[in-house]
Amino acid sequence: MNEIILDIKDLEVIYKTDLETVKAVNSIDLKIDKGKTLGLVGETGAGKTTTALSILRLLPGNTGRILNGHIKYSGTNLLELEETEMRKMRGDKIAMVFQDPMTSLNPVMTVGEQIAEAITLHNDNLSKEEVEKRVDEKLTMVGIVPSRKVEYPHQFSGGMKQRVVIAMALACEPELLIADEPTTALDVTIQAQVLMMIKELRDRLGTSMLMITHDLGIVAKICDDVAVMYAGEIAESGTVEDIFLGEKHHPYTEGLFGSIPNLSSRANRLTPIPGLMPDPTNLPEGCFFHPRCKYKMDICERIHPESIAKGTHTLRCHLFDDKIMADKMEVNTNE
Amino acid sequence: METTIMDNHKDKVLFHKESQIKEIWRRFKKSKGAVIGLIMLGVILIVLIFADVIAPYETATKQNLANKLQEPSNEHWFGTDSYGRDVFARTIHGGRTSISISILATMASCIVGSTLGAIAGYFGGKVDSIIMRSLDIFMSVPDILFTMAVVFAMGASFTTLLVALTLAYFTNYVRLVRSQVLTLSEQDYVEAARAGGAGGARIILSHILPNAMGVIIVNLTLNVSKIVLYESTLSFLGLGMPPPAPAWGLMLSEAREFMRTAPHLLFFPAMAIVLTACSVNLIGDGMRDALDPHLKS
């Protein structure tokens, strides 16, 4: 019953130029169950968008390279497909909603034409009336009056543009929707509206979703599972209960929760995580987070932590490695 | 811009599609120069279309030495040339050739150049290098020399002239469209289209070229006048349509001998060239201004 629709394992992605190699994604494992939503959380530069683009194989041609790993969609390894077969998948089985609605739409095509394109790319046997009927359906589905399909993108507000983009993404009713920070460019009230709409559509169509965001509030509202990404690695992952209600946390996740401004507290200062995310061309030895970690131990500077699993909850931190902690206890008691 | 919701889909489609062109036309009309250019060109085109009615072709080509070198009069509005041919008739028939060839050559050079530019810009890499370096080699040969070679190889005729003019001007579009494609390929909506499953040809034709249209159209209209001038140069040098077909440049060339004694032979074809090139340039400027703010929005 827990059919896995997306299975990423050991994915390694770099951006290679003549001057340097950027290690964007460093051996990650992700799984999305059918019908569920996985939230991929992290700061800017963590490697979230790179992961999304790798799934669709849309990395910039000359610099992006997938070095290792497999991305299995319902059992098929997407990395082994020919480009023509991959193109059939894009939009039809796996669709993506990009971050900035202002620039995701072609300014010289009407909104109806763009949705129609999304449909006809994968259904070339439909008559014109059929296509138009579907365009109307999709617009109604996202809450836009179908008669507006003859208008151009600049005639819509930001929130409505993003609805159009979502209509385009869901036009062929894909099984997997990748949403790359879909509400980040919108103001807060519209954010809530669009998020509700995404949730409703997802529930209605049974779409599995990879929701990329840096906003933990969104994760709480819409995700079933969560993966926290740092410096191209999964620092912590688990169900949404594990992450929000669990007792153990990766120090980074702790820092993320701690840095959320609290409406009810009267603190004068916010508590950010000190330091910056490491330079992906020059990652630190040992644990990538150790320069910023307040629980840092000697071993963290030398040995890169493995991902430790406790049920559905995985943590990539030496603090949770029973053996290491046991050794440490021994050392402490012997001193 | 909120629009009222109407039930009748068909009405709505017509209303909005038209409004884009109406917008462009409205902005075009704002520029006085552009409107004057349009009127001038309109008059010129009407005269040329009805050339046969206004002045039969024979009067342009039939020699009548008894009448030679007459000054403008009621009978011969522009006078006659050294062979007794009516200059007015020659001017308008010459205009027909000049303008029809210029328009055709502009279209052809635009299509050829734009296609090559789009391919070079979109596929990049080796394809880009091959096209652009070939272009560099091609462009290093002086225009006139190359044209002469073409005319000598193919013999003077309408088709030859068309080929020569296309070859002389297509390079302009290759660079232009290539740079447009390079810029536009980076746009988010292109990435979104690719994520939806669109392939190369579709992206170039549906997404990139329509957005590059503004720039292409402006260059196109400005190039028409250049081509008109180049055609005159060619016929001046004798590389144009074979005699007795009239052509403005040819008329200028024949008029050189009689500059002092019969200046009207020089005046009329020169004016025709200037007025045509001028009107096309004014229209081109107007187009650029009309399309620009739209591109910005």
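Good morning. In chain A, strand β9 (residues 225–230) pairs with strand β10 (residues 233–239) in the antiparallel sense, over six bridges. One of the residues involved is A:D225, whose bridge partner in β10(A) is A:T239. Please keep in mind that this is a predicted model.

Eight strands of chain A form an open sheet, in the order β6-β7-β8-β3-β9-β10-β12-β11, and the pairing is mixed. The edge strands are β6 (94–97) and β11 (308–310) of chain A, each of which pairs on one side only. On average, and with direction ignored, neighbouring strands of this sheet are turned by 20° against each other. Helix α6 (residues 158–169) of chain A packs on the sheet, where it touches β6 and β7 (176–180) of chain A. The direction of α6 makes about 170° with that of β6(A).

I turn next to chain B. Helix α7 (residues 143–154) and helix α8 (residues 158–185) of chain B pack with their axes 9 Å apart, at an angle of about 155°. Because angles over 145 degrees count as roughly antiparallel, α7(B) is roughly antiparallel to α8(B). The crossing of α7(B) past α8(B) is right-handed. Residues making the contact include B:F146 and B:V150 of α7(B), and B:V163 and B:L167 of α8(B). By class, the residues of this contact are eight nonpolar, two polar and one charged.

Finally, how many residues of each chain are in contact with the other? There are 27 in chain A and 23 in chain B. On the chain A side, α2 (83–89), α3 (101–104) and α4 (111–120) each supply at least two residues. That side comprises twelve nonpolar, eight polar and seven charged residues. Thank you.

Definitions and conventions: Residues are numbered from 1 along each chain as its sequence is written. Chains are lettered from A and ligands numbered from 1 in the order in which they are written. This is a predicted model: local features need pLDDT of at least 70, side-chain atom pairs count only at pLDDT 80 or more; totals for chains, interfaces and linings use all residues. Two residues are in contact if their C-beta atoms, placed from the backbone, lie within 7 Å. Helices (H or I, at least four residues) and strands (E, at least two) are DSSP runs, numbered from the N terminus. Ala, Val, Leu, Ile, Met, Phe, Trp, Tyr, Cys and Pro count as nonpolar, Asp, Glu, Lys and Arg as charged, and the others, Gly among them, as polar. Axes are lines fitted to C-alpha atoms, for helices over the stretch in contact, and angles run from 0 to 180 degrees between N-to-C directions. Angles under 35 degrees count as roughly parallel, over 145 as roughly antiparallel, 65 to 115 as roughly perpendicular and the rest as oblique. A crossing is left-handed if the near helix is turned anticlockwise from the far one by less than a right angle, and right-handed if clockwise. Two strands pair if DSSP finds at least two bridges between them.
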